[in-house]
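Good morning, and thank you for coming. Please keep the structure in view as I speak.

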Amino acid sequence: MEKNDKEAMETNQKTVTTDHEPEINYRGWKAMPFIIGNETFEKLGAIGTLSNLLIYLTTVFHLKSITAATMINVFNGTTNFGTLLGAFFCDTYFGRYKTLGFATVASFVGLLAIQLTAAIPELHPHRCAAQGNTDCRGPTAGQMAFLLTGLGLIIVGAGGVRPCNLAFGADQFNPKTESGKRGINSFFNWYFFTFTFAQMVSLTLIVYIQSNVSWAIGLGIPAILMLIACAVYFVGSKIYVKVKATGSPLTSVAQVILVAIKKRQLKLLEQPWLSLFKYTPPKSINSKLPYTDQFKFLDKAAIMTPQDQINPDGSPADPWRLCSMQQVEEVKCLLRVLPIWASQIIYFVAIVQQQTYAVFQAVQSDRRLGNSNFKIPAATYVVFLMLSLTCFIPIYDRVIVPFLRRVRGKEGGITILQRIGIGMFLSVITMLVSAVVEEHRRTIALTQPTLGVAPRKGAISSMSASWLIPQFTLGGLTEAFASIGLVEFYYKQFPENMRSIAGSLFYCGLAGSSYFSSLLILIVHSATKGASTGNWLPEDLNKGRLDYFYYTIACLGVLNLGYFLLCARWYKYKGNEDSLELELEVNGEKSQSDKSFV
């Protein structure tokens, strides 16, 4: 930890108060052992169960590969979309502290239910006879219902944990001080560091126990870790900064849109930064925003007419007839983010494949460790994605960023959008490498002696599964740039009272990627079923053309990268009070805080 970061512990003690509000005692890094500790154990528990869920569904519940892959994608999509609902209840009613507490407990109960499906014979189908696929029977309705109940509770838990954890951690730093701002920037990087560390442990130790020792024990460990996460979280409750819910932030958004529609016939003002109605509630936690000349049709919501009345305190008498320029600019912030968010959906499809079909590639590759008979579990190879991400984050945060900061004079070294763009470019390279490796694996399987037959799959190629490491490594670097950049982007560009919703937006993008990936699989499966090249995505990858599927995703990635670059050039970063004052000083010229991608 740098000296400046240590100073954050002291400078963050500074308070932000109003005349009638209690002091806020920012603990900064002092609160991180509890928050990051809870996050680590929570991720160890959740990932320890979900990382090998694909194999669990195909081997224990006897589901077909395409059914299991689709089910995982739908589960991931629903889990991530659920974060939007969790964020709404958090920001509107309960606050982040209570939401996180409830969600962590729900996750524990869900993981316990999944463990019981493995521990109790009546809750899963009977094992297949040796090498006898014809005797494999799928789960009964009751068994499937119990499994889905556990998954449903995990969805509830993730819906509260995922959007609130990042924002709750960032709440512990004072955003008004330089040390606090640096603390927030570093927190995003170290949050993902602990996240990937938990994934690495889950994908090695826990997955090994599940695959080679016992599913009951292997699924019991995550449930115990989740219980520890609950304890760690509540132990630190006395030192947390607990930001209270301020009511539905979406109400203000709805007001601006509806009022702008009502006043659509009004003419736009010549100097809107001076003439639009201005009012900021005294207890508002949102920073003041300067006027921007995008989405001008929304400006009409802040144009005063003779019919509009003002209260003695300066607020509009009817907020459904007149909005402030601050409200309008907050809605503009949301609208500017959405095109960037749309690009995330296509970008993350490349990462989704490393968590699904890349595992199937490992299943039909030589996974022996050296000359021994020990086989590395197929799902464990994803750890190389986490390893590259984990190793790169400290280098980026402590070496690359300080160097670029000195060279370019920017707080983060490069802009957030530049960081995201680099990640999206790497996602295209990841899919190209994946396609080349799969073509090599398949060719060896068809032209050289194989190493037996994978259950319910096909012949095992003599190509070493180590050939998969480069694509996983590139996938980790992709996430280090794009995923972390997107989380930071949403957090900083959303109004302060919508930061839980900002956190959920990232996961909604992941949900869109999961659903889009499922749709893409179904389309490719249907379109190629009767083609001359054969089905690209059969159960036996040796009979398919998974490499063609990867090339298709790479082409989509190129198009998506071009779209992102256009959106990034058009984008204007959210302003602040300083830029507002500067804008007024220069008589309405464009705010100096507005920056482009380059």
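Let me begin with a term. A residue counts as buried when its relative accessible area is under 20%, as exposed when that area is over 50%, and as partly exposed in between. Please also bear in mind that this is a predicted model.

First, the chain as a whole. Its secondary structure consists of 18 helices and zero strands. The chain has 598 residues, of which 58% count as buried. If we take contacts between residues at least 6 apart in sequence, 80% of them join residues at least 24 apart.

Now to the rings. A pair of aromatic rings is described by how far apart the centres are and by the angle of the planes. In this chain the count comes to 30 aromatic pairs. Consider Y97 and Y240: their ring centres lie 6.2 Å apart and their planes meet at 55 degrees, so this pair is tilted. Where do these two partners lie in the chain? Y97 belongs to helix α4, residues 65-119, while Y240 is in the loop between α7 (215-235) and α8 (249-262).

Are the two tyrosines buried or exposed? Y97 has a relative accessible area of 19%, so Y97 is buried under the 20% cut-off. Y240 is buried too, at 7%. Both residues also belong to one aromatic cluster, together with F168, Y233 and F234.

A second pair is formed by Y571 and Y573. Here the centres are 5.6 Å apart and the planes stand at 85 degrees, an edge-to-face arrangement. Y571 has a relative accessibility of 1% and therefore counts as buried. Y573, at 8%, is buried as well.

The charged end of K457 sits over the ring of F360, 3.6 Å from the ring centre. In the case of R545, the charged end sits over the ring of Y548, 4.2 Å from its centre.

Finally, let us turn to the surface. Y208, V213, I217, L369 and F374 form a nonpolar patch there, with about 440 Å² of accessible area together. Among them, L369 is placed in the loop between α12 (357-363) and α13 (383-408). With a relative accessible area of 47%, L369 is partly exposed.

Key
Residues numbered from 1 in each chain as written. Predicted model: local features only at pLDDT ≥ 70, side-chain atom pairs only at ≥ 80, totals over all residues. Heavy atoms only, no water. Phe/Tyr/Trp six-rings, centres within 6.5 Å; stacked < 30°, edge-to-face > 60°. Helix = DSSP H or I, 4+ residues; strand = E, 2+ residues; numbered from the N terminus. Buried < 20%, exposed > 50% of the residue type's maximum accessible area, 1.4 Å probe, protein only. Lys NZ or Arg CZ within 6 Å of the ring centre and 35° of its normal. Patch = residues over 30% accessible without salt bridge, like charges linked within 9 Å, V, L, I, M, F, W, Y side chains within 5 Å. Areas by Shrake-Rupley, 256 points an atom, 1.4 Å probe, with all protein chains shown as cover. Salt bridge = Lys/Arg side-chain N within 4 Å of Asp/Glu carboxyl O. Contact = heavy atoms within 4.5 Å.
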